[in-house]
Amino acid sequence: THRRLAALHEAAGDPLAALRETEKGLLYQSGDKDLLERRDRYLWSLPLESPACSAEALRGLVDAAACVKRARGILDDRRSDIEWLEVASHLLELALRVDPAGLMARAQAARARLRLGDRDGAIAGFESVRADKPTGLFQGDAPEAWQLANQALGDLYLAAGRPADAVACLADFRDSARSGAATLFKLGQAHEAQGELAKARSYYNQVT
């Protein structure tokens with residue numbers, strides 16, 4: 001019944017109502033392939049500019065974590081074209097509407113801006129994430145998102161001729177399990193760009 005109602009709302013051009021019916025159907029059959037495909041399709045079709053898609057309307061209907069996970073998969077795939085990158089950006093906007101404080105959603109949104117060519121917007125997004133350093137225990141994926149921002153900003157600041165800022169970000173990123181020789185090499189580059197040759201040589205020696 002909910003599947004049929006979803007199809008009718010889709011035909012009437014109301015993806016939000018179709019999504020509501022799909023979610024109700026998934027309560028009965030959580031692994032139904034057709035319903036899962038419909039959920040993806042309706043999420044991608046939601047008109048974000050419409051007042052009907054307010055945070056209040058989406059909360060309880062949109063799974064922010066699922067949207068971030070799907071978007072991240074798209075961004076991790078270097079073969080994703082502009083159409084898919086826009087899908088990822090759309091999903092991240094949905095996630096941020098229901099959970100605007102989510103660091104991972106904000107970090108992935110900055111990645112999406114970068115992939116779409118908005119370098120300044122990406123830097124601003126990553127800086128926002130870096131400014132909200134997580135503290136305390138039981139923070140989920142927030143520490144990973146913070147380190148992702150440090151890594152990305154290190155690269156972006158180096159490319160923008162801001163070596164001092166790059167050093168600060170890369171020094172923090174060294175605490176991440178994902179850092180390694182590439183991080184040390186970039187630190188060497190940043191210090192070399194500032195004329196700090198002894199420090200640069202130290203990092204290059206660590207790489208070798």
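# Notebook: helix packing and pockets in a predicted model

I began with the secondary structure of the protein chain, which comes to 12 helices and zero strands. I note at the outset that this is a predicted model, so that I read every value below as computed from it. Read along the sequence, the chain follows the pattern α-α-α-α-α-α-α-α-α-α-α-α. I then looked up the extent of the chain, and found that its C-alpha atoms fill a box of roughly 70 × 35 × 30 Å, taken along the principal axes.

**Entry on α2 and α3**

I turned to helix α2, which covers residues 15-28, and to α3, which covers residues 33-45. Their axes come within 9 Å and cross at roughly 155°. Since an angle over 145 degrees counts as roughly antiparallel, I put α2 down as roughly antiparallel to α3. I recorded the crossing of α2 past α3 as left-handed. On the α2 side the contact is made by Pro15, Ala18, Leu19, Thr22, Glu23, Gly25 and Leu26, and on the α3 side by Leu35, Leu36, Arg38, Arg39, Tyr42, Leu43 and Ser45. Sorted by class, this contact of α2 with α3 holds eight nonpolar, three polar and three charged residues.

**Entry on α6 and α7**

Next I looked at helix α6, residues 82-98, which packs with α7 at an angle of about 155°, the two axes lying 9 Å apart. That angle makes α6 roughly antiparallel to α7, and I noted the crossing of α6 and α7 as left-handed. From α6 I listed Leu85, Ser89, Leu92, Ala95 and Leu96, which meet Ala105, Arg106, Gln108, Ala109, Ala112 and Arg115 in α7. The residues of this contact divide into seven nonpolar, two polar and two charged.

**Entry on α11 and α12**

I then went to helix α11 (residues 181-193) and helix α12 (residues 197-207), whose axes come within 8 Å and cross at roughly 165°. This makes α11 roughly antiparallel to α12, and α11 passes α12 in a left-handed crossing. The residues of α11 that I found in the contact are Ala181, Leu184, Phe185, Leu187, Gly188, Gln189, His191 and Glu192, and those they meet in α12 are Leu197, Lys199, Ala200, Tyr203, Tyr204, Gln206 and Val207. By class, I have nine nonpolar, four polar and two charged residues for the contact of α11 with α12.

**Entry on the largest pocket**

I asked myself which residues lie nearest the centre of the largest pocket. The pocket is lined by 13 residues, and Leu75, Arg78, Arg111, Leu114 and Gln151 are the ones that lie nearest its centre. The elements giving two or more residues to this lining are α5 (64-76), α7 (103-115) and α9 (142-159), and α9 gives the most, with five residues. I wrote down a volume of about 420 Å³ for the largest pocket. Its lining residues divide into six nonpolar, one polar and six charged.

**Entry on the second largest pocket**

For the second largest pocket I noted a volume of about 240 Å³. Its lining is made by Glu23, Arg39, Asp40, Leu43, Leu61, Val62, Asp63, Ala66, Cys67, Arg70 and Leu91. Of the helices, α3 and α5 each supply at least two residues of this lining. The residues of the lining divide into six nonpolar, no polar and five charged. Going back over my lists, I saw that Glu23, Arg39 and Leu43 are among the lining residues of this pocket, and that Glu23 of α2 and Arg39 and Leu43 of α3 are also in the contact of those two helices.

Note on methods:
Residues are numbered from 1 along each chain as its sequence is written. This is a predicted model: local features need pLDDT of at least 70, side-chain atom pairs count only at pLDDT 80 or more; totals for chains, interfaces and linings use all residues. Side-chain values use heavy atoms; hydrogens and water are left out. Axes are lines fitted to C-alpha atoms, for helices over the stretch in contact, and angles run from 0 to 180 degrees between N-to-C directions. Helices (H or I, at least four residues) and strands (E, at least two) are DSSP runs, numbered from the N terminus. Angles under 35 degrees count as roughly parallel, over 145 as roughly antiparallel, 65 to 115 as roughly perpendicular and the rest as oblique. A crossing is left-handed if the near helix is turned anticlockwise from the far one by less than a right angle, and right-handed if clockwise. Contact means heavy atoms within 4.5 Å. Ala, Val, Leu, Ile, Met, Phe, Trp, Tyr, Cys and Pro count as nonpolar, Asp, Glu, Lys and Arg as charged, and the others, Gly among them, as polar. On a 1 Å grid over the protein atoms alone, a cavity is a set of points where a 1.4 Å probe fits but cannot get out, and a pocket is an open set with protein on both sides within 12 Å along at least five of seven lines; lining residues have an atom within 4 Å of a point. Grid points are joined across faces, edges and corners, and a volume is the space filled by probe spheres set on the points.
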